[in-house]
Number of protein chains: 2
Amino acid sequence: MAFAIGIGPNIRKSAYFDATVRDGVRSFSVYNHMYIPAHFGDPEAEYDRLINGVAMWDVAAQRQVQIAGPDAGKLVQYLTPRDLSKTQIGQGRYVPICDHDGWLINDPVLLKLAEDRYWLSVADCDIHLWAAAIGREKGWDVEVSEPDVSPLAIQGPKAVEVTAALFGDWVRDMKYFGFKECTLEGIPLVLARSGWSKQGGYELYLMDRSQGTTLWDIVKTAGQPWDIGPGAPNDIERLESGLVSYGADIRWQDHRATPYEIGLGALVSLDSHDFIGRDALRAHASKGPARQRVGLVIADNPPLPGHPLPLLQNGVEVGHVAEFAYSKRFGGTIGHALIRSDLAEAAEGLEIIVEDKTYTATLHAIPFV
Amino acid sequence: MAFAIGIGPNIRKSAYFDATVRDGVRSFSVYNHMYIPAHFGDPEAEYDRLINGVAMWDVAAQRQVQIAGPDAGKLVQYLTPRDLSKTQIGQGRYVPICDHDGWLINDPVLLKLAEDRYWLSVADCDIHLWAAAIGREKGWDVEVSEPDVSPLAIQGPKAVEVTAALFGDWVRDMKYFGFKECTLEGIPLVLARSGWSKQGGYELYLMDRSQGTTLWDIVKTAGQPWDIGPGAPNDIERLESGLVSYGADIRWQDHRATPYEIGLGALVSLDSHDFIGRDALRAHASKGPARQRVGLVIADNPPLPGHPLPLLQNGVEVGHVAEFAYSKRFGGTIGHALIRSDLAEAAEGLEIIVEDKTYTATLHAIPFV
């Protein structure tokens, strides 16, 4: 199936939209009400570049929700089960966000820019509404906004070379999730060692959207010695590496999950502070997770359905498969699923049905490679 | 520009997805994290069907946010500036929703199903997060959920014939926004006299997504005598008719607007009840709207940029143009804009720039036809 995407004013264009169009983007998806490149016409080369070289991605759709003001720290801590008391300015943190019943509603990276200013680099849902509603109903002195910030990712084993060529060798010593406000040829940005892959890399949080094409071209030029090319967040690599995809693995109500179920239990700190969903997560914790996230190897390489599927055992639904894809590195079709906890260690006879045909599935450790 | 859309598990498929694919959908957009058809390959015929005949639209992406429980009525009333005290079960209401600063964050249709159960048929943003945050922080006894509801619209001057053929002649007497729970060949649904066009019609709120293809085919068969065909919410018709498009005309922060600015001031009831944003809207009301929504006629039929544009007067930005398109019925290019209030009555010398070329724009009353 191949369909066109409607380009209209109700979906926002990234600061890099013009540059990606010029450089041959072929397919978009939509994320946080913004077009995000899906591929540039050669998905296999784009995957290889991420695994073996260096790729540049327009991830401006990873919007920043800024929480600023005297009570900003209080609100941010109330939003997440993770204990932030030791988080320093310049440190990023992966912070699950739950609703009052303990179900995940997002899994952003938090950037602490100042004691009274934070960004949540959010997955695909309107966390600005959530944060604003909570802050205002609490009566806290805090402003929730979406600043002019457009992340551009440089990812892959050679990303460090490109980024060092751009900013200097100091970037080699940055810690994972560490970040620094700086400029590049006069363009204001935050440079972070981060990105939605396990291949290493950086994200340039451009702070002036009018400079999108300029920054894109600076990175493209600097990366030429390492054969940089455009790409996009890669579903195959994320399945191999075990990264969470909010929206695919988890979605409010459709495929709800607690942090414990999705493998983020270690980030939940039940006793250090008050936060949304604490009572519910206490109850979840005392019972143990009803389901667990597992890897699957699926035989005979089924076609990709483009939506989650029930996971069956002897015809009975025992969970769901969030996503699967063929991994060249692994040499087979791999996927992520949520399965009943009693089956998570050693279930046999697992199956999925794709286009009326049954395929067997076998448990596998995450990451796959 | 023509791009493909990525079909993946992070965006949901409508209950009618399979039926629309089978019936030739060519282009999708994304709305409320769900694929929504944009056209079926012949936009002109689809427009003509809406204006002169009857069209059927997959609008399942118009998700329902259900608010249920003893305090449901209290929460719904607190969410909107509109006075709902006289709203009866079976009545729909167009209800602006504002944030605490009085800026619109959605403009859903509210369906009152029972004293303790309501649906908000929402435009493209995560109002479920907003409503849940407010309800829980208030400590009210209310549950926010997304029920299994998938609207299918029948729109156009002959929609009444098709719907009467399906349900009986009683539907001819339904009031606008009136609705009724019923079944069609055993399929549970809510039938409402509503839809996102001014051509008249109905929406079938299917309450069992497994019956999506069945319902689609029932409507398709019943509509054959009137030459029904598939289509989608139509931007040209909405511009002609003056319908608000949340996301295009208004978006949180990017293109924020108050109900007064967008022409919905008559729905704001400052003194009847407490609601989110009341103090802010009182202040807005006492000053008068800073900007007003106006119609524009744009000379020389510029290409469509696919995003909002600054509205200029003698080179100075005086507002923005949300969207424009060529209207065959009007015989020219028409658009909606927000303009500084002092210019809303008689501004001259208005211009927009598209692809480095300047086009003159003239104020025009809404609706255009």
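Which residue follows H9(B), and is its phi positive or negative? We come back to that in the view of H9(B), after a few ground rules. This is a predicted model, so local features need pLDDT of at least 70, side-chain atom pairs count only at pLDDT 80 or more, and totals for chains, interfaces and linings use all residues. Residues are numbered from 1 along each chain as its sequence is written, chains are lettered from A and ligands numbered from 1 in the order in which they are written, and side-chain values use heavy atoms, with hydrogens and water left out.

**View 1. Helix H9 of chain B and the glycine after it.** Here is the answer: H9(B) is followed by B:Gly288, and the phi of B:Gly288 is positive, near 85 degrees. Helices (H or I, at least four residues) and strands (E, at least two) are DSSP runs, numbered from the N terminus. The helix itself takes in residues 278-287, and B:Arg278, B:Ala280, B:Leu281 and B:His284 are its buried residues. Those residues cover an arc of only 155 degrees around the axis, so they sit on the same side of H9(B). (The arc is that of the directions from the helix axis to the C-beta atoms.) Turned away from that buried side is a face with the exposed residues B:Asp279, B:Ser286 and B:Lys287. As for the words, buried means under 20% relative accessible area, exposed means over 50%, and partly exposed is in between (1.4 Å probe, protein chains only). Among the elements covering the buried residues are strand S7 (97-98) and helix H8 (259-262) of chain B.

View 2. Look between H8 and H9 of chain B and you'll find B:Ser269 in the loop. B:Ser269 is buried, as its relative accessible area is 17%. Not counting residues up to four places away in sequence, B:Ser269 touches B:Pro81, B:Asp83 and B:Phe275. Contact here means heavy atoms within 4.5 Å.

**View 3. Helix H6 of chain B.** H6 spans residues 212-222, and its buried residues are B:Gly212, B:Leu215, B:Trp216, B:Ile218, B:Val219 and B:Ala222. Look down the axis of H6(B) and these buried residues fall within an arc of 160 degrees, so they line one face of the helix.

**View 4. B:Ser121 and its partner B:Gln64.** B:Ser121 belongs to strand S10 (residues 117-121) of chain B. With a relative accessible area of 6%, B:Ser121 is buried. The side chains of B:Ser121 and B:Gln64 make a polar contact of 2.9 Å. A polar contact is a pair of N or O atoms within 3.5 Å; within protein, one must be able to donate a hydrogen and the other to accept it, and residues adjacent in sequence count only if both atoms are side-chain atoms. Leaving aside neighbours within four places in sequence, the contacts of B:Ser121 include B:Gln62, B:Pro108 and B:Tyr205.

View 5. UniProt lists A:Glu203 under "binding site" in an unreviewed entry. UniProt positions are given in the numbering used here, feature names are shortened, and annotations may be inferred rather than shown by experiment. You'll find A:Glu203 in strand S15 (residues 201-206) of chain A, and it is buried, with a relative accessible area of 5%. A polar contact of 2.6 Å links the side chains of A:Glu203 and A:Ser194. Residues touched by A:Glu203, not counting those up to four places away in sequence, include A:Val59, A:Gln62 and A:Leu152.

**View 6. A:Pro157, in a loop of chain A.** A:Pro157 lies in the loop between strand S12 (150-155) and helix H5 (159-167) of chain A. It counts as partly exposed, at 39% relative accessibility. Apart from its neighbours within four places in sequence, A:Pro157 is in contact with A:Leu50, A:Ile51, A:Asn52, A:Gly53 and A:Gln199.

**View 7. Where chains A and B meet.** In this view, 54 residues of chain A are in contact with 54 residues of chain B. In chain A, A:Phe3, A:Pro9 and A:Glu137 lose the most area to chain B, together 16% of what that side buries. Buried area is the accessible area (1.4 Å probe) that two parts lose on being put together, summed over both. The copies meet through the same surface, because 100% of the interface residues of chain A are also interface residues in chain B.
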